[in-house]
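Thanks for coming. I will keep this short and go through a few local features of one model.

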Amino acid sequence: MLRQLSVYAENKKGTLERITKILLDEDINILGSMTDDGAEYGVNRMVVSKPETAMKALTEAGYLCSLKDVIGVEVEDKVGNLNSLLKTLIEMNINVHYLYLSFDRRSGLPIMVFYTDDIWEVEDGLRNKGYIVVGEGAMA
């Protein structure tokens with residue numbers, strides 16, 4: 001299980017730099033991220049090295065933040081592996097709300113990070129089908 005930090009912030013010049021500066025000041029590494037933009041506000045979803053510390057620092061700086069459990073699945077770096085993972089999830093009748101790519105710092109393998117309902121059930125189902133589901137330590 002991974003913890004994802006979501007930061008809701010104004011969509012204007014310099015916002016991402018300010019957010020990453022706060023994380024830098026707290027010695028927090030961004031291990032994977034995705035930004036969804038909107039007309040006025042965006043959501044910056046990140047897996048970071050110290051999620052609770054990051055949330056506290058960003059909240060104190062005036063950002064609206066939340067933490068959420070997400071799944072990280074190690075996949076081999078070859079054509080079709082994302083499709084195979086998604087096909088498995090469809091066969092399990094699982095809806096993926098969003099996903100983004102990170103990688104295991106130790107092995108160098110890609111990790112697909114995604115959010116879905118029933119995280120624990122999905123995680124167990126993927127393990128039973130032979131997938132490697134990673135925790136926070138694998139990405140640090």
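Predicted model: local features only at pLDDT ≥ 70, side-chain atom pairs only at ≥ 80, totals over all residues.

Which residues of H2 are buried? They are Pro51, Ala54, Ala57 and Leu58. These residues cover an arc of only 130 degrees around the axis, so they fall on the same side of H2.

Next, the partner helix. Two packed helices are described by the angle between their axes and the distance between the axes. Here helix H1, residues 15-25, packs with helix H2, residues 51-60, at an angle of about 125 degrees, and their axes are 10 Å apart. That angle makes H1 oblique to H2. As for handedness, H1 and H2 make a right-handed crossing.

Which residues make the contact between H1 and H2? From H1 we have Ile19, Ile22 and Leu23, and these meet Ala54, Ala57 and Leu58 of H2. By class, the residues of this contact are six nonpolar, no polar and no charged.

Now the backbone. Just after H2 comes Gly62, with a positive phi of about 100 degrees. Most residues other than glycine have a negative phi.

Asp27 is not a glycine, yet its phi is positive, at about 60 degrees. Where is Asp27? It lies in the loop between H1 and strand E2, which spans 30-36. Is Asp27 buried or exposed? Its relative accessible area is 62%, and over 50% counts as exposed, so Asp27 is exposed.

The other is Asp118, again a residue other than glycine with a positive phi, this one near 55 degrees. Asp118 is in the loop between strand E6, residues 110-116, and helix H4, residues 119-128. Asp118 has a relative accessibility of 54% and therefore counts as exposed.

Last item, from helix H4: that is where Arg127 is found. Arg127 has a relative accessible area of 40%, which means it is partly exposed. How far apart are Arg127 and Val73 in sequence and in space? The two are 54 residues apart in sequence, and their C-alpha atoms are 9.4 Å apart.

That is all I have. Questions are welcome.

Key. Residues numbered from 1 in each chain as written. Heavy atoms only, no water. Axes fitted to C-alpha atoms, helices over the stretch in contact; angles between N-to-C directions. Helix = DSSP H or I, 4+ residues; strand = E, 2+ residues; numbered from the N terminus. Parallel < 35°, antiparallel > 145°, perpendicular 65-115°, else oblique. Left-handed = near helix turned anticlockwise from the far one by under 90°. Contact = heavy atoms within 4.5 Å. Nonpolar A, V, L, I, M, F, W, Y, C, P; charged D, E, K, R; others polar. Buried < 20%, exposed > 50% of the residue type's maximum accessible area, 1.4 Å probe, protein only. Arc of directions from axis to C-beta.
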